[in-house]
Amino acid sequence: MEIGLTLIAHNRVGTLHRVTGIISKLGGNITYTQQFIRNDDTGLIYMEIENIEDKDNLLNTLKNLEGIIEVEIHSTLKKIFGKRIIIIGGGAQVSQVALGAIIEADRHNIRGERISIDTIPIVGEENLANAVLSVEKLPRVGLLVLAGSLMGGKITEAIKRLKERTGIYVISLKMFGSVPKVVDLVVTDPVQAGVIAVMTVAETAKFDINKVRGKVI
């Protein structure tokens, strides 16, 4: 079972090293972490940890660590927000895909799912290619939707690399360029693309993208 751990600490050298050392001594395995410095010169550290048998011991040990201001154990972001769908492309198309995805996600989330929708309207071959490649570095991503009217070149190569390195599904709108040739599914209507994206990752849906892989619908 994984737990979420959030710490607020003074911005000092070695704090993260000491925290991870304690977790290791207690048998914990860190599966995800992020940290950043806040405006008041304190640091926020978030971790997802498995194999911790004594949560109270971990909590009390960290509270007594020098430089730590606040410690909280809670549910993981994976459990709270669940799977993510990323929508990238032109503004109008992105908004329509998001409309369909949010409506469909709401239907499944009411039934116990946790599916969140992230969007970024962005243009330019270089920018789009970099955005696609960066999807690999994001946590909890189950599917990427490319919404636009013309995509190819470096974007196509970025999709190929993403699919070689991850199990993330990729859907695109029907568009000019070579991108539709390398994605899992091409959908003509942007609202329907959002709906299908959610149905692909939802455990409470019966849609299987593998049965229509490579098609245009």
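Q: Which residues of helix α4 are buried?
A: This is a predicted model, and a residue is called buried in it when its relative accessible area is under 20%. In α4, the buried residues are Val-94, Val-97, Ala-98, Gly-100, Ala-101, Glu-104, Ala-105 and His-108. Helix α4 runs over residues 91-109, and from its first C-alpha to its last it reaches 26 Å, close to the 27 Å expected at 1.5 Å a residue.

Q: What do the buried residues of α4 pack against?
A: They pack against the strands β5 (83-89), β6 (115-121), β7 and β8 (169-173), and also against helix α7 (190-201).

Q: How many residues does the largest nonpolar core have, and which have the most contacts inside it?
A: The general idea is that, in soluble globular proteins, nonpolar side chains tend to be buried together. In this case the largest nonpolar core has 47 residues, and those with the most contacts inside it are Ile-85, Ile-87, Ile-88, Leu-144, Leu-146 and Ile-171. Strand β7 (residues 141-147) gives the most to this core, with 6 residues. A second, separate core has 17 residues, including Leu-5, Leu-7, Ile-49 and Val-71.

Q: Which residues does Ile-171 touch, not counting those up to four places away in sequence?
A: Ile-171 touches Leu-143, Leu-144, Val-145 and Leu-146, and its other partners are Leu-185, Val-187, Ile-196, Ala-197, Thr-200 and Ile-209.

Q: Are helices α5 and α6 roughly parallel or roughly antiparallel to each other?
A: Angles under 35 degrees count as roughly parallel. Helix α5 (residues 125-134) and helix α6 (residues 154-165) pack at an angle of about 5°, with their axes 8 Å apart, and therefore α5 and α6 are roughly parallel to each other. Where they meet, α5 brings residues including Leu-128, Ala-129 and Val-132, while α6 brings residues including Ile-155, Ala-158 and Ile-159. By class, this contact of α5 with α6 has 8 nonpolar, no polar and 4 charged residues.

Q: Is Thr-15 buried or exposed?
A: Thr-15, which lies in helix α1 (residues 15-25), is buried, because its relative accessible area is 4%. Leaving aside neighbours within four places in sequence, Thr-15 is in contact with Ala-9, His-10 and Ile-68.

Q: Where is Ser-149 found?
A: Ser-149 is found in the loop between β7 and α6, and at 48% relative accessibility it counts as partly exposed. Although Ser-149 and Gly-90 are 59 residues apart in sequence, they are 8.0 Å apart in space, C-alpha to C-alpha. Beyond its neighbours within four places in sequence, Ser-149 is in contact with Gln-93, Met-175 and Phe-176.

Key:
Residues numbered from 1 in each chain as written. Predicted model: local features only at pLDDT ≥ 70, side-chain atom pairs only at ≥ 80, totals over all residues. Heavy atoms only, no water. Axes fitted to C-alpha atoms, helices over the stretch in contact; angles between N-to-C directions. Helix = DSSP H or I, 4+ residues; strand = E, 2+ residues; numbered from the N terminus. Parallel < 35°, antiparallel > 145°, perpendicular 65-115°, else oblique. Contact = heavy atoms within 4.5 Å. Nonpolar A, V, L, I, M, F, W, Y, C, P; charged D, E, K, R; others polar. Core = buried A, V, L, I, M, F, W, Y, C linked by side-chain atoms within 4.5 Å. Buried < 20%, exposed > 50% of the residue type's maximum accessible area, 1.4 Å probe, protein only. Expected span 1.5 Å × (residues − 1).
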